[in-house]
Amino acid sequence: MTQKRILLVGAGAVGGITAVFLRKAGFDITVLVRHPAIAEKIRTEGIRVQGVAGNITATINACSSVTTLREPFDVVLLATKANDVVEAIQTVLPLSGERTLFVTMQNGICEDDVAVLTGRNRVVGCVVGWGATMLNPTEMVMTSGGEFVIGRLDGGEDDDLLHVRDMLQTILPVEVSANIYGNKYSKLIINSCITSLGALSGLYLGNMLVRRKARMLFIAVIREAIAVANAMQMQVEVYAGKINYYSMTGWKGWPGDLKRHLLIGAVGLKYRRLKSSSLQSLERGKPTEIDYLNGYIVAKARQYGVPVPVNDRIVEMIKEIESGKRGISVSNLYEIS
């Protein structure tokens with residue numbers, strides 16, 4: 001059987017690590033990046049990965065223009081930021097065939113935007129359940145292990161989807177889900193807490209979650225997100241096999257409040273050195289993915305008539321930071337009621 005051709009768009013932390021492990025596993029993979037100098041460095045010196053999976057380096061075919069590529073690719077791995085995914089699809093769509101699969105590796109939910117351009121039958125949703133940091137364009141750190149969760153938008157299963165499973169399993173374990181929206185929304189909720197509040201406050205996760213106010217905002221974001229999911233008749237999956245939002249929000253009385261604060265505090269302790277990806281974007285003068293995180297919750301809330309004042313205010317404040325009308329400060333947390 002002819003080996004399938006893979007195109008990976010966006011060699012940030014997740015994309016770069018994915019590309020290295022797939023290349024080491026013998027896959028025919030090409031990386032598309034924005035800058036010619038970075039593409040040249042990836043081709044000649046390679047991408048170096050360190051961290052929980054060990055140290056590994058691979059040179060990979062890379063380019064900065066689709067004009068140098070031949071069609072079609074069988075699988076397109078979309079590893080851009082969520083707010084760049086539409087532009088990425090428009091760029092690479094001419095390189096696809098009728099059965100080319102587009103695998104969405106973003107935080108947040110952008111699958112519907114992708115499907116408008118590609119057709120729903122060509123989209124595979126993907127949750128990246130492991131951590132990564134980019135030190136520079138060719139040096140990445142896998143900061144934590146985990147798994148991938150993939151699935152068709154309609155919940156079905158077929159040989160092409162299983163090929164994606166087998167491919168990604170050369171990196172980390174893969175779960176095939178019949179409810180990929182529920183899995184994506186589950187990760188969206190935790191990112192809407194960690195990433196967005198981290199961007200507002202400027203704090204690492206551990207320093208943020210020692211504050212009762214931050215933990216209270218976590219709980220409020222989760223409650224609102226689950227209310228929206230209920231209105232959508234969506235079953236939200238347990239996050240990373242550990243956080244059951246339904247149980248967590250259902251605990252009663254002061255013992256329930258204590259359990260919630262202890263759980264969230266434990267997350268802060270375990271991942272205390274985690275720095276919000278949205279905060280890093282703001283520090284680089286780039287927009288965040290807020291429209292695909294808390295903004296997604298707000299948009300669906302309006303559609304279904306669900307009040308979400310905390311998520312609404314978080315979106316508003318991050319937009320103000322992006323436009324230069326507000327600074328990044330711990331005091332931002334205390335402006336949200």
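A quick word on the model first: it is predicted, so to speak of local features we need pLDDT of at least 70, side-chain atom pairs count only at pLDDT 80 or more, and totals for chains, interfaces and linings use all residues. Residues are numbered from 1 along each chain as its sequence is written, and side-chain values use heavy atoms, leaving out hydrogens and water.

The chain holds 13 helices and 12 strands, taken as DSSP runs numbered from the N terminus (helices H or I, at least four residues; strands E, at least two). Its radius of gyration is 20 Å, close to the 20 Å that the globule rule gives for 337 residues, so the chain is as compact as a globular protein of that length. That radius is taken over C-alpha atoms, and the rule is 2.2 Å times the number of residues to the power 0.38. Of the 337 residues, 52% count as buried, meaning under 20% relative accessible area with a 1.4 Å probe, protein chains only.

Now to strand β2, residues 28-32. Here 4 of the 5 residues are buried, so the strand is largely enclosed by the rest of the structure. On one side, 5 bridges join β2 to the parallel strand β1, residues 5-9; strands pair if DSSP finds at least two bridges between them. In that pairing, L8 stands opposite V31. From β1 the chain passes through helix α1, residues 13-24, to β2 in a right-handed β-α-β crossover; with the strands pointing away from the viewer, that path runs clockwise.

β2 also runs parallel to β5, residues 61-63, joined by 3 bridges, and there L32 stands opposite C63.

How values were computed: Buried < 20%, exposed > 50% of the residue type's maximum accessible area, 1.4 Å probe, protein only.
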